[in-house]
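Visitor: I would like to go through this model term by term. Please show it first, and then I will ask what stands behind each label.

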Amino acid sequence: MRGTAQPAVHLKDLNMVFRGAQGDTVALQDANLDIAQGEFVSLIGPSGCGKTTLLRLMADLITPTGGELLVGGKSPALARQERAYGYVFQSPALLEWRTVLNNVLLPLDVMNTPKATRQARAHEMLKLVGLEGFAGRYPWQLSGGMQQRVSIARALAFDPALLLMDEPFGALDEITREHLNGELLRLWQETGKTVVFVTHGISEAVFLSTRVVVMTSRPGKIEGVVDIDLPYPRNVETRESPRFFELATRVRELLRRGHGFDADD
Amino acid sequence: MASRTVALGRGRAGGLPGLGWLALALGLGLLLAAVWNVWNFPLDGVPPGRKGLSLTLIVLGLASGIYGLAILARRMTGVVPALLAALLTLVAVEGLLRAYGVPPGLIPTPTRVATALYNSRTVLLGDARVTFVQEALLGYLAGVGMGILVALAAVRFPFLERGALPYAGLFASIPIVALAPVIVKAFGLEWPSKAIIVAITVFFPVVVNVVRGLQSASPLLLDLMQTYAVTPAASFRLVRVPSALPFLFNALKIGSTLALIGAIVGEFFGTTGQGLGFRIQIEAGRFNLDIVWAAIVIASVLGIAFYGVISWLEMRFTSWHASRRQPG
Amino acid sequence: MNKAVLSALTAALAASALSSAGAANVPVKLQLKWFPQAQFAGFFVAQAKGFYKAEGLDVTLLPIGDQSPIQTVATGAADFGTTWITDLLTARQQGLPVVHIAQLFQKSGYTLVALKSSNLTDPKQFTGKRIGVWPSGNEYPAVALLKKYGMTTSLDSTVANPSVQAVTYPFDPSLVFPDKVDLVSAMTYNEVDQIVGLGYSLDKLQVFNVSDFGINLLEDLMFTTQKTLDNKNFKNSGMSGQEVAAKLVRATIKGWNYAVANQKEAVQTVLVNCGNTCKGSGTRASAAGHQTWQMTEVAKLYRAGQTLKGNAGLLDRATYAANVKQLMDLGILKSAPSAGAVNYKVWEMATGKTAK
Ligand SMILES: Nc1ncnc2c1ncn2[C@@H]1O[C@H](COP(=O)(O)OP(=O)(O)OP(=O)(O)O)[C@@H](O)[C@H]1O
Ligand SMILES: [Mg+2]
């Protein structure tokens, strides 16, 4: 399952500085990371440490101020032109004038996928996120969590090889989140996609990932990377295994270090 | 539900629609009797006894009618209660004007207005055609069209927006009475000058609103379009245009009321012999206030209908928008 | 003893209070037909020279724009007013109980003006021309003139193919003349001078005085309501409405006689009152010049007809009858006004003469 020679994402001394009237913000400093094809990598770190920034850099929504960044061996701009990734934003970002179904159809429409299969594909995605009964509703008729699931369905609809997900389950209740964690994991295993997944949840990160990247803020940096060697299939028992707790503790320690809380312990 | 319970609690019969209709009918009957009692007297020749009787009947009739309406309004929605209220008011006004012998050259009674509406219908419809179709509607369409084009240009070329948009707001605040004489002098007395006045008054709100609407598009949605690598034109069509629709409709509604006012006021500043504004002005000078009011009635009906059509379109095209959502 | 002194003192105080109340002037509101200008010189002079005060009246002169003074008087916002005879008679026809009490201008000052270069010399040639008139009841003299020459206008909505295209415009002639119409309505004392001010000197203009063509629809008159005349105790003054009206008419005629005799002084009085409306709505630069012209012209309208017979303020019965006939011929009046439309008693009380 681990990748082939060409990494899905490659960062070398990547820097992102936002210039502003009140001074510059170093959102990302000298980040180095390689994500292999088919990996599931979680980014975890305190608020404002540059997780979203890093995803947006990969998505070519912003341009780095220094360093090297390749997506699928190509420049992020080219990757974007080739529609190499699907992006799930931190908030649902639905088009409020389109029904749920039409929101999911949107990427299929603009990418001119074969008309015959569009509807079926969109319904299939809605079923995947448990919203097949809501196809005709408008976004405002859905709860925040349901809206976020629509946006996940939309990102999956055109079957990109790379998924960039910015706290997709942040707005969900614990049970739904665990259910969707399971679904995402299954989907990832079945399709062999590469996933870059931003989260604030330690157990979510450990449960889902092949590796967890721990970041610190001011300036945004990669503090450390934890390899998750939990066996597959991962299920409820996985969450209760001693190894799971060991790994979670490891991540938590790295996070605390980043927060500068060590002295208090 | 709760209000119904309260209504029932107030009196056993209080919530029965039958009683509502009864009270309403009684009220209307009393009011009609009040009118009949002082019908066809010379203005200064209403006998004091009859005047007193009619005034009493009007007070009683209104009380009964309003009581009936209040009961009915709890069960009915839509325009019916409003129409019934209007009917009560009109009959009461008729009675009051006749009881006090108010000269028709000052305030015409509703029946006189209705009669004038019927007798002068050909002339008034001709006037309405000129004022509404030629001046207001054509001007409106031209103003909206131009407004949208300029808004598109302003969004496309930011220097236009920065340089010209603030002045658009300024221009928009020029009162129509200052604008009208200049336009009429420049473009002549026929209907096109009035259409131009309308176009100008409609133009500015459209520009300002459409620019704001196009800019109101969520940056996140524009980012989403970026991730799909669509052309700027497609992104504009898929995100900016729908985002601007509620703003456009807002301007369209403002414009629909401005259009008729603009056309009518424009006619006050010089016109050939047709149009509702012309008719109002010329007949007011002849103290034919029944025709003046008939013209006002037609203008109001057209204005309301125009606004209604725009609102219906708005409902149809932007039902998704927050301000349009039906509760539940 | 003391008691007697006290009661005598109280009586004296009460008497002085009473007499001062009796001496207080009666407040009277008079509605003019336009903004202050020399057209109303007699009123301003009567006020400035204290003619109203001498009659025990405290007169306020109210200006108005493009509306009829009838409304303000009929609703009681003003007690008396000045307007044109067509305005008064059409209002009466619609049930407004307004009454003519004095006729100041004996002759119409209404004209239609064309450029000499248009070669119009006779109203017969107006067929097919465009004429600009003021609306709001100020269009009748033009309509009457055209009717006299067998022409119809587009102002009459029942006419399918009018022989004259009439357009309405607000009071500034520069809005339509000479580029949009061939002829334009103008008062001798106002718009004619404004047209001159536009750069067309009098020798370039052909002025048709409608009174020269037998259309003499009378203009500035004084009126009030029947209710005011019937009032036994006008505003608690102890005087009847009719008495107040007579005093007002007497002082006004005195003011007009003085103004017409001392035009320079009258213009100065007007200039104090007219502020930024002195120039008229046209382009003429000098306020004094325009008001001087206006004074000269209105003096001509005042010094005509009955005024020349020593009966200033009297409505000439023959002219009135002719006016009524013309308005009925035009269909503007559906029936002859009742006798109550004109009250000659006020004038008789004011002048001590008998109205013949
Ligand atoms: N467009 C921008 N202009 C200026 N500063 C920015 C911009 N975007 C992000 N930043 C700054 O960069 C830093 C990182 O922001 P980012 O959104 O990547 O944080 P995050 O890790 O996603 O936080 P959170 O967990 O709250 O979503 C913050 O200090 C933020 O203020
Ligand atoms: Mg973020």
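Guide: This is a predicted model. Start with A:Asp173, which has a relative accessible area of 44%.

Visitor: What makes A:Asp173 partly exposed?

Guide: Buried needs under 20%, and exposed needs over 50%. A:Asp173 has 44%, so A:Asp173 is called partly exposed.

Visitor: Where does A:Asp173 lie?

Guide: In the loop between β6 (162-166) and α6 (174-191) of chain A. The C-alpha atom of A:Asp173 is 8.1 Å from that of A:Gly145, and 28 residues separate the two along the chain.

Visitor: Why is the pair of A:Asp173 and A:Thr176 called a polar contact?

Guide: The cut-off is 3.5 Å between N or O atoms, one able to donate a hydrogen and the other to accept it. The side chains of A:Asp173 and A:Thr176 come to 2.4 Å, so the pair counts. The side chain of A:Asp173 also has a polar atom 3.2 Å from the backbone nitrogen of A:Ile175.

Visitor: What makes C:Asn343 buried?

Guide: The limit is under 20%. C:Asn343 has a relative accessible area of 14%, so C:Asn343 is called buried. C:Asn343 lies in the loop between α13 (317-329) and α14 (344-351) of chain C.

Visitor: What does C:Asn343 touch?

Guide: Leaving out residues up to four places away in sequence, C:Asn343 touches C:Val99, C:His100, C:Ile101, C:Leu229 and C:Gln242. The side chain of C:Asn343 also reaches the backbone nitrogen of C:Val346 at 3.0 Å.

Visitor: On to the chains. How do you know that chain A and chain C are not in contact?

Guide: Contact requires heavy atoms within 4.5 Å. No contact joins chain A and chain C, and their closest C-alpha atoms lie 50 Å apart. Of the 2 pairs of chains in contact, chains B and C share the most contacts.

Visitor: Why is the pair of A:Arg56 and B:Asp223 called a salt bridge?

Guide: The rule asks for a side-chain nitrogen of Lys or Arg within 4 Å of a carboxyl oxygen of Asp or Glu. A:Arg56 and B:Asp223 meet at 2.9 Å, N to O, so the pair is a salt bridge. The count between chain B and chain A is 1.

Visitor: Which elements give two or more residues to the side of chain B that touches chain A?

Guide: α10 (219-227) and α11 (232-268) of chain B. α10(B) gives the largest share, 7 residues. By class, this side has 11 nonpolar, 6 polar and 2 charged residues.

Visitor: How many residues take part, and what area is buried between chain B and chain A?

Guide: 19 residues of chain B are in contact with 23 residues of chain A. The buried area is about 2000 Å², and carbon and sulfur atoms give 68% of it. B:Thr227, B:Tyr228 and B:Trp320 supply 33% of the area that chain B buries there, more than any other three residues.

Visitor: What makes C:Arg130 and B:Glu190 a salt bridge?

Guide: The closest N and O atoms of C:Arg130 and B:Glu190 are 3.0 Å apart. The limit is 4 Å, so the pair passes. Across the interface of chain C and chain B there are 2 salt bridges.

Visitor: What area do chain C and chain B bury between them?

Guide: About 2300 Å², 58% of it on carbon and sulfur atoms. C:Gln94, C:Thr168 and C:Lys180 supply 23% of the area that chain C buries against chain B, more than any other three residues.

Terms used:
Residues numbered from 1 in each chain as written. Chains lettered and ligands numbered in written order. Predicted model: local features only at pLDDT ≥ 70, side-chain atom pairs only at ≥ 80, totals over all residues. Heavy atoms only, no water. Buried area = accessible area lost by both parts, 1.4 Å probe. Helix = DSSP H or I, 4+ residues; strand = E, 2+ residues; numbered from the N terminus. Nonpolar A, V, L, I, M, F, W, Y, C, P; charged D, E, K, R; others polar. Buried < 20%, exposed > 50% of the residue type's maximum accessible area, 1.4 Å probe, protein only.
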